[in-house]
Amino acid sequence: MHTIKSLGVVFFMLFMSVSAAAQADTFCNKAELEVIPFSHAVRSDLSARKITEEQLKGAYNFGSGGLGLGMVITQQDIRIFVDKDEATGCRVFHVKAGFAPATLYVANELLESLCAYRHIYNHEMEHIQIYQRFVAQLAAPMQQAIDAELASSQEPSTKVLGEKLYEVAGEVASRVRAQHNALDSDDTYARNERVCRGILMNIGKGA
Ligand SMILES: [Zn+2]
């Protein structure tokens, strides 16, 4: 199972205005894109019931609708910070894009069975790998959007740039969402019934 808590853009504007004279003479904009490597921590201190509750709070909710034995929670994170390169007088758009550190949850009931724990942990790790591939796909279209925005205006707007990057991330995310859904297939849930002598089903029923 799998949850993205929310999708949002965070802007950090720390731009000191360049003097009017300097602006009139030179319009110089540069950009630096940094794609944040996907990172995650593992927690197994919540019960299946608590995990299910947390999952239902998510903006995007995948899975069977049954009791959640594991999940990954993260948040998309795009930041734009603008400053001035003193040496050249250029305005520099620093863009950071990716996800906030994720948390991989495995229900604490599964700590009693190494087989069950491993089964769910491995499944959630597949979700993590989907995110890692997503992050790897972000750089090229983001760089393209940044270049286009900087080329379109002498005074690019941070807000407009942020909206474009958010759009790019959304397009990539819709393709990635299909991969998460495919992973949480009926086959996956059917397999859960058979592994580890049915222990997952007993926990899933709240037994
Ligand atoms: Zn899943």
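A residue is called buried here if 20 or more other C-beta atoms lie within 10 Å of its own, exposed if 12 or fewer do, and partly exposed in between, with C-beta atoms placed from the backbone. The structure is a predicted model, in which local features need a pLDDT of at least 70 and side-chain atom pairs count only at pLDDT 80 or more, while totals for chains, interfaces and linings use all residues. Numbering starts from 1 along each chain, following the sequence as written.

Confidence comes up first. pLDDT is the predictor's confidence in each residue, on a scale from 0 to 100. The protein chain averages 81, and 81% of the residues score at least 70. Strand β2 (residues 10-12) has the lowest mean pLDDT among the elements, at 41, whereas strand β4 (residues 40-43) has the highest, at 96. Two stretches call for some caution. Over residues 3-25 pLDDT stays under 50, and the model has 45 contacts beyond four places in sequence for them. The score also stays under 50 over residues 59-65, with 20 such contacts. A contact means that the C-beta atoms of two residues, placed from the backbone, lie within 7 Å.

As for the overall layout, the protein chain has six helices and eight strands. Read along the sequence, the pattern is β-β-α-β-β-α-β-β-β-β-α-α-α-α. Of the contacts between residues at least 6 apart in sequence, 81% join residues at least 24 apart. Buried residues account for 29% of the 207 residues in the protein chain.

The largest nonpolar core has 35 residues, and L69, A97, A102, A107, L110, M142 and L165 have the most contacts inside it. At least two core residues come from each of α2 (48-56), β6 (70-84), β7 (91-99), β8 (102-106), α3 (114-152), α4 (158-183) and α6 (199-204). The biggest giver is α3, with nine residues. Such a core is a set of buried Ala, Val, Leu, Ile, Met, Phe, Trp, Tyr and Cys residues joined through C-beta atoms within 7 Å.

Leaving aside neighbours within four places in sequence, A97 touches V35, I36, I78, L138, M142, L165 and A169. The C-alpha atom of A97 also sits 8.0 Å from that of Q76, although the two residues are 21 apart along the chain. Q76 belongs to strand β6, and counts as buried because it has 21 C-beta neighbours inside 10 Å.

Most residues other than glycine have a negative phi. Yet phi is near 50 degrees, a positive value, in C196, and likewise near 50 degrees in R197. C196 is partly exposed because 19 other C-beta atoms lie within 10 Å, whereas R197, with 11, is exposed.

How values were computed: Helix = DSSP H or I, 4+ residues; strand = E, 2+ residues; numbered from the N terminus.
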